[in-house]
Amino acid sequence: MDDPRHSSAFSIIKSEHALVLFDHFMAEFQKIGPISVHPHKTMLSIANENKQIAYITQAGKNFIHVVFPFKHRYDDNLCFQRIQEVPGRHVVYHHFRMLHEEDVNDEVRKFMLIAYDR
């Protein structure tokens, strides 16, 4: 974990497997466009040049938990384990748990693109 790319992730991503997942997820996002990672006390935010587009809110020994903030609900999917509307705000959080690199499939990539472009 001496890689300088991991300095911002190190605060919440401690296991080697979760770091591999993080690297893969970030590489997939970078295929869409330039992004940056911003560390917070208990999470990481992923942003493009205009806005925050996703949050890594948890990292376990074998997973990372990613939250996408959207303006609308996307109920017709197989990738989100929970969809949470925030009362009084126009944001709907879509929760995705990544256990394996192949969890970032075409459906997840579609939502990554929506998050990037929204």
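**Terms and their grounds**

Mentor: β1 and β2 form a hairpin with four residues between them. This is a predicted model, in which local features need pLDDT of at least 70 and side-chain atom pairs count only at pLDDT 80 or more, while totals for chains, interfaces and linings use all residues. Residues are numbered from 1 along each chain as its sequence is written, and side-chain values use heavy atoms, with hydrogens and water left out.

Trainee: What makes β1 and β2 a pair?

Mentor: Two strands (DSSP runs of E, at least two residues) pair if DSSP finds at least two bridges between them. β1 and β2 have four bridges, in the antiparallel sense, so they pair. In one of these, P39 is the bridge partner of L44 in β2.

Trainee: Which residues of α1 are buried?

Mentor: Among them are F22, F25 and F29; buried means under 20% relative accessible area, with a 1.4 Å probe and protein chains only. Their cover includes β1, β2 and α2.

Trainee: What is called a nonpolar core?

Mentor: The term denotes a set of buried Ala, Val, Leu, Ile, Met, Phe, Trp, Tyr and Cys residues joined through side-chain atoms within 4.5 Å. The largest has 29 residues; F25, F29, I46, F68 and F96 have the most contacts inside it. Its largest share, seven residues, comes from α1.

Key: Buried < 20%, exposed > 50% of the residue type's maximum accessible area, 1.4 Å probe, protein only. Contact = heavy atoms within 4.5 Å.
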